[in-house]
Amino acid sequence: MASVPSLPRWLGLAGLLPQFASVGVLYAGPADWRSPALAIAFAYAALILSFLGGMWWGIAAAAPAAQRRRTLGWLWIAAVTPSLVALAAFLPWALGWRWPEPSLVMLGAALLASLGVDIRLGALAPRWWMRLRVPLSLGLGLATLAAAFA
């Protein structure tokens, strides 16, 4: 990650801290903190997944006009999908079904799968993009799965 500009690198890594703290509480914290830690882990994963979609939307919008018209239909769809997945993950709680473990699994898997979109961005993204995205997506995706199985 040394080639990633320092501000995105440090802010990105700092973005892992809320999920790591939630997982720490789930595995080693007091029992009465469990429910808030699960809720925070869920909310943070859903928030970041939606944020990724927003980043992809911005990348698609910033692409040259000819490329936007010809080849980026997939990216516009990919950019909307994370928010829809986050909403779908929220529905079990809203409807009183089993929650949050299945929803955390869904969000963790989606965060890991987001790397597929990042890889496909190719030259649309900065050269250092994947060196930042891989550790962040793996870190947050795996931490979210760890929260699901705590």
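Is Asp-118 buried or exposed? Asp-118 is buried, at a relative accessible area of 1% (buried is under 20%, exposed over 50%, partly exposed in between, with a 1.4 Å probe and protein chains only). Before going on, note that this is a predicted model, where local features need pLDDT of at least 70, side-chain atom pairs count only at pLDDT 80 or more, and totals for chains, interfaces and linings use all residues. Residues are numbered from 1 along each chain as its sequence is written, and side-chain values use heavy atoms, leaving out hydrogens and water.

Asp-118 sits in helix H6 (helices are DSSP runs of H or I, at least four residues, numbered from the N terminus). Its side chain makes a polar contact with that of Trp-129, at 3.0 Å (a pair of N or O atoms within 3.5 Å, one able to donate a hydrogen and the other to accept it; residues adjacent in sequence count only if both atoms are side-chain atoms). Setting aside neighbours within four places in sequence, Asp-118 is in contact with Trp-56, Trp-129, Met-130, Arg-133 and Ser-137 (contact is heavy atoms within 4.5 Å).

Now for the core. The largest nonpolar one has 38 residues, and Trp-56 and Leu-111 are among those with the most contacts inside it (such a core is a set of buried Ala, Val, Leu, Ile, Met, Phe, Trp, Tyr and Cys residues joined through side-chain atoms within 4.5 Å). Helices H2, H3, H5, H6 and H7 each supply at least two of its residues, with the largest share, 13 residues, coming from H3.

Finally, Trp-93 in helix H5 is partly exposed, with a relative accessible area of 48%.
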